[in-house]
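Please look over the sequence and the structure shown below, and then read the points grouped by topic.

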Amino acid sequence: MHIIKKTPGEIEAMREAGRVSAKALRIVGEHVRAGVSTLELDEIAESVIRAEGGIPAFKGYGGFPGSICASINEQIVHGIPSKKVVLRDGDIISIDTGAIVDGWVGDNAWTYPVGSVSPQLKRLLEVTEKSMWAGIDAARPGNKLGDIGHAVQSVAEAAGFSVVREYVGHGIGRDMHEDPNVPNYGRPHTGVKLEPGMVLAIEPMVNMGRAATRLMSDGWLVVTRDGKPSAHFEKTVAITETGPVLLTVEDGYRRPL
Ligand code: MG
């Protein structure tokens, strides 16, 4: 394992990739409604990223065709955008998108409700977002990697949900996926020591039912084995002396929770 720590100047430089990633994610979210296809959402993300001087980080990554991953209901992550996939009222959709600016990568995701969703789905979204914030709050010097996973897992499981094991968060910098892996489960005070300069994408994937996943035949799309819904929230976070600093945010961002 080789963790590439970033200088304060490099972290500062990563803010722009983070800002563009956050803007694309927000604007795509504003277009989430019944009747829209995930390919339309993909085109919106790509045009926002390019208009801001960025390059879509996902496009061509390992052969992935889109600028977003769009994953609906029981789909966990890595859904390929398609004109055949059209949102319906009551769905939830995870949008994951990222931008490269000046060689630095930002990566973020949010799960949006489509129209009005059931109370159970609303709760799944709230709990998953809350688990992300718990993980982010644990991303500080003095803690270890297991503290992040433990924080995420505790929130998700206390609500009766389960966390995905096979897909995890990651270090991020000039590459979208750097060491270390950042699992959404773990034991406190175990694993790699967290130090200033580490930059992590913290991204809980929380299932309403069981944790087991299945990879579909396109080689990308991951779904829950039990067919129950799954939610996904992600932010890119720098660990600094004074604690976690959010990088995938727009100017003037106020944290909701
Ligand atoms: Mg990620």
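The structure is a predicted model. A magnesium ion in the model is held by four named residues, D107, H170, E203 and E234. Helix 1 and helix 2 cross one another in a right-handed manner, and the salt bridges come to twelve.

**The magnesium site**

- The magnesium ion is coordinated by D107 through OD, by H170 through NE2, and by E203 and E234 through OE, at 2.1 to 2.3 Å.
- Along the sequence, these donor residues follow the spacing D-x62-H-x32-E-x30-E.
- D107 belongs to strand 5 (residues 104-113) and H170 to strand 7 (residues 169-171), so this pair ties together parts that are 63 residues apart in sequence.
- D107 and H170 are both buried.

**The pairing of helix 1 and helix 2**

- Two packed helices are described by the angle between their axes and by the distance between those axes.
- Helix 1 (residues 8-30) and helix 2 (residues 38-51) have axes that come within 9 Å and cross at roughly 145 degrees.
- The crossing of helix 1 past helix 2 is right-handed.
- On the side of helix 1 the contact is made by V20, K23, A24, I27 and V28, and on the side of helix 2 by L41, I44, A45, V48 and I49.
- Sorted by class, the residues of this contact are nine nonpolar, no polar and one charged.

**Salt bridges**

- Side chains of opposite charge can pair when their charged atoms come close.
- The count of salt bridges in the model is twelve.
- One of them joins R19 to E52, with the closest N and O atoms 2.8 Å apart.
- R19 lies in helix 1 and E52 in the loop between helix 2 and strand 1 (55-56), so the pair ties together parts that are 33 residues apart in sequence.
- R19 counts as buried at 18% relative accessibility, whereas E52 counts as partly exposed at 23%.
- E52 also forms a salt bridge with K23, in which the closest N and O atoms are 2.7 Å apart.
- This second pair links distant parts of the chain, with E52 in the loop between helix 2 and strand 1 and K23 in helix 1, 29 residues apart.
- E30 and R26 form a further salt bridge, with the closest N and O atoms 2.9 Å apart.
- Because E30 and R26 are four residues apart in helix 1, about one helical turn separates them.
- E30 is exposed, with a relative accessible area of 53%, and R26 counts as partly exposed at 33% relative accessibility.

- Leaving aside residues up to four places away in sequence, R19 touches E52, L247, V249, E250 and D251.
- P244 is located in strand 15 (residues 243-246) and counts as partly exposed, at 22% relative accessibility.
- Leaving aside residues up to four places away in sequence, P244 touches I136, D137, A139, R140, V237 and A238.
- P244 and K84 are 160 residues apart in sequence, and their C-alpha atoms are 40 Å apart in space.

**Backbone features**

- The peptide bond from D179 to P180 is cis, with omega near 0 degrees.
- P180 has its place in strand 8 (residues 178-182).
- N73 has a positive phi of about 55 degrees although it is not a glycine.
- N73 is found in the loop between strand 2 (68-72) and strand 3 (75-77), and N73 is buried, with a relative accessible area of 17%.
- H189, which is not a glycine either, has a positive phi of about 60 degrees.
- H189 lies in the loop between strand 8 and strand 9 (199-202), and H189 is exposed, with a relative accessible area of 61%.

Conventions. Residues numbered from 1 in each chain as written. Predicted model: local features only at pLDDT ≥ 70, side-chain atom pairs only at ≥ 80, totals over all residues. Heavy atoms only, no water. Donors = N, O, S within 2.8 Å, 3.2 Å for Na, K, Ca; no water. Helix = DSSP H or I, 4+ residues; strand = E, 2+ residues; numbered from the N terminus. Buried < 20%, exposed > 50% of the residue type's maximum accessible area, 1.4 Å probe, protein only. Axes fitted to C-alpha atoms, helices over the stretch in contact; angles between N-to-C directions. Left-handed = near helix turned anticlockwise from the far one by under 90°. Contact = heavy atoms within 4.5 Å. Nonpolar A, V, L, I, M, F, W, Y, C, P; charged D, E, K, R; others polar. Salt bridge = Lys/Arg side-chain N within 4 Å of Asp/Glu carboxyl O.
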